[in-house]
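Have a look at the sequence and the model, then read on.

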Amino acid sequence: MSIQKATDRANLDQRLPQMPWFVQQFIDYKRPDLSPSTLLEYIRDYESFGWLRGEGLSVAASNADITLLELETLHMDSIVGYRLHLTTRAENANSRVTVSRKLSALRSLFHYLSQIAEDENFYPLLKRNIMAKVEIKRIHKPKDTAAKLKGKILEDEELLEFVGYIYEGYGTDVEANKQAYYSWQLNRERDACIASLILNSGLRVSEVVNLSVDDVDVNNKLLYVFRKGHNDETFKTPVYFREQSKDDLSLYLSLRQSRYKTPKREKALFIALPNGSKEGKRMTKRAIQEMIIKYAKRFGKPYLTVHKLRHSFATDYYLQNDIYRTKEQLGHASTETTEIYAHLTDKTMSDAIERRLDNEPPQ
């Protein structure tokens with residue numbers, strides 16, 4: 001099991017008893033099909049619906065005491081009020097995507113209670129399903145997502161230039177800052193290797209964090225990865241990386257143990273050595289995210305994030321492969337998600353044609 005899955009499962013088990021019994025039953029029903037991370041998101045969404053208590057729509061003293069009857073007797077005005085609470089009244093108002101997800105989570109619960117779960121007399125647990133009346137508009141349209149990514153990913157030579165900048169250019173830019181320069185000298189091979197690996201394989205940041213030394217086959221350009229959404233928690237998917245990353249990986253691996261004081265029991269591929277620590281430990285997801293942002297700002301791409309490195313690889317890869325190969329390489333559940341890169345590459349091809357016409361000598 002991946003590090004993140006183990007953490008999420010422990011968190012899920014800790015928070016589940018604070019939910020009503022019928023929510024616990026729903027989560028158990030979903031366990032065989034969904035990852036602990038997804039189930040934990042369900043729990044967070046149901047915690048938000050504890051809003052009922054604050055509005056006087058439930059007399060429960062805690063979320064765990066909310067009853068089925070209180071859900072059955074909700075009016076449409078109540079659901080409208082909850083949507084308004086999420087979008088306008090809550091602190092740090094939620095985005096449209098988050099609101100859509102929270103409402104979808106409620107729809108799933110209400111559907112289970114009214115259509116699948118039964119009481120001892122074989123009647124549905126929920127006699128009236130108010131959420132069946134709620135229309136949830138699709139938010140994630142590939143074309144819209146592609147439009148948002150325009151100008152915020154690396155293209156063409158920039159993929160190599162960004163890795164090269166981490167190796168050399170960043171050091172020149174921060175030379176006057178002794179602390180930043182020392183940190184860069186210590187970590188540049190590791191940091192460049194992480195960026196190179198994502199830009200040449202399309203791994204998610206969670207997949208990078210969970211990599212162990214034994215998951216890397218440098219000679220065959222293979223990684224063995226715990227893929228998101230895979231139900232078999234013991235299975236690692238083989239994922240290829242491009243030739244450009246071989247040297248970056250080899251260089252980092254030659255430094256991993258000595259530079260980061262890595263104990264032999266630590267199997268993580270990417271290691272951090274915190275200040276004052278006597279030995280290195282697995283890098284965290286947040287550390288990798290912040291590291292990429294740090295380099296991106298100096299590189300002149302302030303909107304670039306670790307996930308946009310994955311988008312950069314995917315766009316570049318799709319130009320040379322079909323949608324099905326791109327889907328498999330990225331570990332997407334369906335080609336619908338992969339369609340983003342069809343729209344992105346349409347723009348890339350258009351720009352390439354324009355550049356070619358601009359550069360052609362007059363006849």
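This is a predicted model: local features need pLDDT of at least 70, side-chain atom pairs count only at pLDDT 80 or more; totals for chains, interfaces and linings use all residues.

Is Ser-201 buried or exposed? Ser-201 counts as buried because its relative accessibility is 0%, and the cut-off for buried is under 20%.

What does Ser-201 touch, once residues up to four places away in sequence are set aside? The list is Leu-223, Val-239, Tyr-240, Phe-241, Phe-313 and Gln-329.

## The chain as a whole

Stepping back, the protein chain has 16 helices and five strands. It is 363 residues long, and 45% of them count as buried. If you take the contacts between residues at least 6 apart in sequence, 60% of these join residues at least 24 apart.

Three of the strands make an open, antiparallel sheet, in the order 1-2-3. At the edges are strand 1 (216-217) and strand 3 (237-240), each with pairing on one side only. Strands of a sheet are held in pairs by backbone hydrogen bonds, in a parallel or antiparallel way.

Strand 2 covers residues 222-225, and four bridges link it to strand 3 in the antiparallel sense. Within that pairing, Val-225 is opposite Thr-237 of strand 3.

In soluble globular proteins, nonpolar side chains tend to be buried together. Here, the largest nonpolar core has 47 residues, and Phe-162, Phe-270, Ile-288 and Leu-309 are the ones that touch the most other members. At least two residues each come from helix 9 (158-173), helix 10, helix 11 (205-209), strand 2, helix 12 (244-259), strand 4 (271-272), helix 13 and helix 14 (306-318). Which element gives this core its largest share? That is helix 10, with nine residues.

Take Ile-288 as an example: beyond its neighbours within four places in sequence, it is in contact with Ile-194, Val-205, Val-208, Val-209, Met-283 and Val-306. Another core lies apart from the largest one; it has 37 residues, including Leu-12, Leu-52, Leu-113 and Leu-126.

How many cavities of 30 Å³ or more does a search of the whole structure find? There are two, and the largest cavity holds about 100 Å³ of space. Among the residues that line the largest cavity are Met-19, Phe-22, Tyr-46, Asn-63 and Phe-110. The elements that supply two or more lining residues are helix 2 (21-30) and helix 7 (96-116).

The largest share of this cavity's lining comes from helix 7, with three residues. What kinds of residue surround the largest cavity? Its lining has 11 nonpolar residues, one polar and no charged.

How values were computed
Residues are numbered from 1 along each chain as its sequence is written. Side-chain values use heavy atoms; hydrogens and water are left out. Two strands pair if DSSP finds at least two bridges between them. On a 1 Å grid over the protein atoms alone, a cavity is a set of points where a 1.4 Å probe fits but cannot get out, and a pocket is an open set with protein on both sides within 12 Å along at least five of seven lines; lining residues have an atom within 4 Å of a point. Grid points are joined across faces, edges and corners, and a volume is the space filled by probe spheres set on the points. Ala, Val, Leu, Ile, Met, Phe, Trp, Tyr, Cys and Pro count as nonpolar, Asp, Glu, Lys and Arg as charged, and the others, Gly among them, as polar. A nonpolar core is a set of buried Ala, Val, Leu, Ile, Met, Phe, Trp, Tyr and Cys residues joined through side-chain atoms within 4.5 Å. Buried means under 20% relative accessible area, exposed over 50%, partly exposed in between (1.4 Å probe, protein chains only). Contact means heavy atoms within 4.5 Å.
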